[in-house]
Amino acid sequence: MNTTILLFLLQDGITNGAIYALLGLALVLVFAVTRVILIPQGEFITYGALSYATLATGQVPGTARLAVAMGLVALGFDLFAARKSWRPGPLARALAVDIVLPVTVLALTAGLAGRINNVPVNIALSLLVVALIGLFLYRIAYQPIAHTSVLVLLIASVGCHLAMQGFGLVFFGAEGLRGPAVSDVAMSLGPLQVTGQSLVVYGITAALIVALWLFFEFTKYGKALRATAVNRLGARLVGIRTTLSGQIAFLLASVIGAISGILIVPITTLYYDTGFIVGLKGFVAAIVGGLVSYPLTAVAAIGVGLVEAFSSFYASNYKEVIVFTLIIPVLVLRSLAAPDVDEEKD
Amino acid sequence: MTRRLPLVLFALAMAAIPLIPGVPPFWLVLLDNIGLAALVAMGLVLLTGVGGLTSFGQAAFCGFGAYTTAVLTTAYGLSPWLTLPLSLLVSGLAAVALGLVTVRLSGHYLPLGTLAWGLGLYYLFSKLELLGRNDGISAIPPLAIGTFRMLDPGSIYYVIWIAVILSAVLTTNLLDSRTGRAIRALRRGHIAAEAFGVQTARAKLLVFIYAAVLAGLSGWLYAHLQRAANPTPFGAHASIEYLFIAVVGGAGYVWGGVLGAAVVVILKEILQSYLPLVFGGQGQLEIIVFGIALVALLQLAPDGMWPWLTGRLPVKRTTKQPDLSATPPPRATAATPAAPLLKVDGARKQFGGVVAVNDVSFGVNPGEIVALIGPNGAGKSTTFNLITRVLVSSAGRITVCGTNIDGATPQRVARLGVARTFQHVKLIPDMTVLENVALGAHLRGHSGAIASMLRLDRADEARLLAEAARQIDRVGLGEQTSELAGNLPLGQQRVVEIARALCIDPALLLLDEPAAGLRYMEKQRLADLLRGLRDGGMSVLLVEHDMGFVMDLADRIVVLDFGTKIAEGVPDAVRRDPDVIRAYLGATA
């Protein structure tokens with residue numbers, strides 16, 4: 001191997017790793033706050049990426065309509081939950097979040113699609129749509145069973161993943177899509193071609209990690225989320241609304257997923273079902289980070305990206321085998337190092 | 001025989017279905033698929049629902065079963081029947097290898113670990129030249145008896161459903177046995193099970209292998225039903241589907257696996273054939289409806305459909321009463337009466353900078369009741385955990401019957417005749433009082449998993465259950481024998497724990513706050529019981545906050561404060577000890 005290939009593989013690995021890092025962070029966030037292992041994270045990726053790519057062709061993505069439909073169902077859930085005590089405040093909030101918001105976004109999307117077709121607008125619209133879907137997903141699928149075991153939540157995740165993947169096929173078709181690059185800059189650094197896109201990937205990953213850190217360290221909501229993560233019941237007793245924490249976690253996770261998708265889609269063609277496997281690699285990173293540590297997850301994600309890049313060069317057939325098997329020794333080490341607690345499931 | 005009646009009726013009905021004239025062959029195909037899924041789901045019920053180990057890699061074990069027979073029958077011309085044991089063996093060995101690594105994983109690492117190797121194996125299946133890469137292996141010979149070749153779905157149907165019903169019977173037998181109780185105890189954490197001598201790591205590996213062998217059997221049948229094997233049905237999506245078959249049916253119930261398989265397979269079929277008619281042929285509508293149905297089902301019946309269904313049947317479950325005439329099982333180890341029975345010599349436990357137990361020494365003689373008292377946080381329960389080896393002491397020496405137990409496992413301590421109860425009750429709420437108590441007699445039985453599956457353990461089992469029933473009577477809960485432990489009030493649950501501890505036939509009984517939550521009369525009865533035990537030669541070490549109870553009962557009292565022993569002696573002397581009064585009241589009263 002010569003230096004050029006080495007550098008190329010390094011760059012490739014780091015770019016992918018940065019995206020896995022984002023996904024890993026989102027998974028850790030959601031798991032810590034809600035105990036949900038977020039398999040539909042893959043769909044947030046594809047929805048974000050393909051909505052962005054669809055907008056770039058001047059069409060209205062079906063996800064905007066899905067958000068309105070999910071909003072209606074979420075309103076149904078909110079009304080059902082509030083059937084015992086009708087108070088105007090929460091009712092108005094439910095109407096605003098569940099109906100007004102998605103309808104406004106759909107109207108914006110329909111109004112702007114094809115007329116103002118520039119990258120920032122399309123990104124903003126895609127993020128809005130996916131954020132709403134994430135929020136409603138928690139309200140509809142998880143909030144009613146938030147108290148159940150990790151296993152039940154996990155199976156619910158599988159159900160969400162299947163349904164959303166099916167919707168993905170309906171909205172985007174079986175053909176893959178590619179989106180326009182966020183930045184067209186390209187420069188040479190020695191033997192390396194550095195594209196603006198990969199720089200954007202690094203920049204956004206770093207910025208998001210810092211933003212998350214600031215959020216959790218210095219804001220009231222961030223602290224509420226951390227409190228929920230440590231002890232659900234305790235958090236409720238001191239007045240933190242754990243459902244709100246869950247909604248915020250899903251909102252953040254869906255936005256992060258969508259950003260990752262938008263960052264990948266100019267680099268590689270995405271299909272309606274690609275998200276699952278990309279999400280799983282973020283998962284590997286999250287597991288290495290023990291589903292609790294953000295910095296460790298980020299480092300592990302870069303590691304996953306590098307392993308993937310190098311194994312696709314040396315043993316491309318066994319790339320996936322290597323990536324997914326590598327975490328077993330890590331798991332064993334983590335498990336041995338973890339304090340021996342007598343956990344009571346159920 | 002009446003207990004077996006529903007099973008016999010079910011078997012007869014299943015046997016009759018293909019014989020009904022005019023049954024569409026397609027129904028038989030569906031039933032074949034249900035049977036195959038039910039086998040895997042049954043393994044998952046044992047592994048996940050009962051044992052608490054979630055596996056996302058079960059389809060990979062089907063792959064081992066299917067590919068073993070595919071390679072051996074096509075490339076080496078072996079008879080399919082000959083490959084059956086080999087398929088099961090390969091799946092089992094794969095489970096041993098993966099299980100040794102995976103079942104050590106704690107908490108959420110376990111399902112994630114299985115997901116990881118499940119995916120890894122799937123990609124391995126699809127890349128190996130030997131297994132035909134993505135195309136897989138085709139032209140696998142059908143099963144045959146003599147010249148009768150099972151080519152159509154109606155003929156292999158019988159093989160599949162005999163396998164399903166046999167597996168269900170064997171699995172039900174396994175759960176209703178000494179080994180089964182150990183498996184059922186796993187889900188509630190390992191401390192209680194280990195305190196009664198259950199080798200939890202071995203029990204986990206056992207269910208892991210058992211589930212894998214069932215999946216391997218399903219894979220073997222699949223290969224001969226399809227007469228082809230390719231990687232797709234052995235991937236992550238298939239594993240996930242099996243898991244939710246188990247959850248839909250009822251993850252804690254063997255027959256829930258069969259029910260879940262039927263519901264999921266039929267639902268999928270209906271959705272696949274009718275949805276396109278309703279909505280036009282666009283996209284994979286069935287997976288949308290399927291996913292939504294799954295989430296809805298979990299919200300409506302999180303325990304699955306089997307308990308929901310059986311709860312609506314008018315028949316009440318009858319529990320058989322144990323035969324009290326069975327001879328008591330032998331003690332695990334013949335006790336060697338040695339004075340002192342328990343000797344704690346300079347025991348110390350540090351958690352970081354906190355010294356929870358600070359060089360504490362005391363002893364318990366045979367036939368003596370010793371009470372360990374002290375204000376909250378004095379280190380009483382930690383001392384208990386050091387004696388039972390739940391915690392490893394930082395320094396000091398603890399001997400039981402003259403045997404040094406530093407470095408021993410909790411199971412070894414139990415084997416020496418030390419039984420305990422827990423401050424926070426650790427019963428298995430969905431097992432009956434009888435079954436919970438019988439777990440205490442674990443070390444006094446000897447039947448293993450295979451004997452239990454084949455019902456060769458009945459004599460042994462009858463002795464254990466009789467012993468359990470006797471101990472329940474002894475503590476005065478005879479009326480509650482067949483109640484679910486979770487339905488009893490907390491005070492009675494503590495008493496059930498005492499009965500469970502007595503089932504070891506202990507030389508030393510450790511009781512952690514046994515009187516908490518008991519009413520006055522119940523406390524009197526407990527005190528009488530403990531005196532009776534002492535007079536029978538048993539020693540009791542108890543932690544208790546009820547001073548009246550302790551002062552009346554104990555022969556000797558050891559007082560701890562902030563991890564340090566501040567007094568020891570007969571109740572009257574301790575009561576007057578100025579250090580003790582200061583520790584409890586803060587000043588010399």
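Predicted model: local features only at pLDDT ≥ 70, side-chain atom pairs only at ≥ 80, totals over all residues.
## The cavities

The structure contains 6 cavities of 30 Å³ or more, and the largest cavity has a volume of about 60 Å³. The lining of this largest cavity is made up of A:L27, A:L38, A:I39, A:Q41, A:G42, A:G275, A:F276, A:G279, A:L280 and A:F283.

Two helices of chain A, α2 (41-56) and α11 (274-288), each supply at least two residues of that lining, and α11(A) gives the most, with 5 residues. When the lining residues of the largest cavity are sorted by type, 6 are nonpolar and 4 are polar, while no charged residue is found among them.

## A pair of helices in chain B

Two packed helices are described by the angle between their axes and the distance between the axes. In chain B, the axes of helix α2 (residues 25-50) and helix α6 (residues 153-175) come within 9 Å and cross at roughly 20°. Because angles under 35 degrees count as roughly parallel, α2(B) is described as roughly parallel to α6(B).

The residues of the contact of α2(B) with α6(B) divide into 21 nonpolar, 4 polar and 1 charged. As for handedness, α2(B) passes α6(B) in a left-handed crossing.

## The four-stranded sheet of chain B

In chain B, 4 strands form an open sheet in the order β6-β5-β8-β9, and the pairing in this sheet is antiparallel. The strands β6 (354-364) and β9 (403-404) of chain B stand at the edges, where each has a single partner strand, so one side of each is left without a neighbour in the sheet.

Strand β5 (residues 342-351) of chain B is joined to β6(B) by 7 bridges, and the two strands run antiparallel. Within this pairing, B:V344 has B:F362 in β6(B) as its bridge partner, and B:Q350 has B:V355 in β6(B) as its bridge partner. The hairpin of β5(B) and β6(B) has 2 residues between the strands, and in this hairpin B:G352 takes a positive phi near 60°. Strand β5(B) also pairs with strand β8 (residues 395-400) of chain B, in the antiparallel sense and over 5 bridges, and here B:K343 stands opposite B:T399 in β8(B).

## The six-stranded sheet of chain B

A further open sheet in chain B is formed by 6 strands in the order β10-β11-β12-β7-β13-β14, and its pairing is mixed. At the edges stand β10 (418-420) and β14 (564-569) of chain B, each with a single partner strand, so one side of each is left without a neighbour in the sheet. Neighbouring strands of this sheet are turned by 15° against each other on average, with direction ignored.

One of the pairings in chain B joins strand β7 (residues 369-373) to strand β12 (residues 539-543), and these two strands pair in the parallel sense over 4 bridges. Within this pairing, the bridge partner of B:A371 in β12(B) is B:L542.

Note on methods
Residues numbered from 1 in each chain as written. Chains lettered and ligands numbered in written order. Heavy atoms only, no water. 1 Å grid on protein atoms, 1.4 Å probe; cavity = no way out; pocket = protein on both sides within 12 Å on 5 of 7 lines; lining within 4 Å. Points joined across faces, edges and corners; volume = space filled by probe spheres on them. Nonpolar A, V, L, I, M, F, W, Y, C, P; charged D, E, K, R; others polar. Axes fitted to C-alpha atoms, helices over the stretch in contact; angles between N-to-C directions. Parallel < 35°, antiparallel > 145°, perpendicular 65-115°, else oblique. Left-handed = near helix turned anticlockwise from the far one by under 90°. Pairing = 2+ DSSP bridges.
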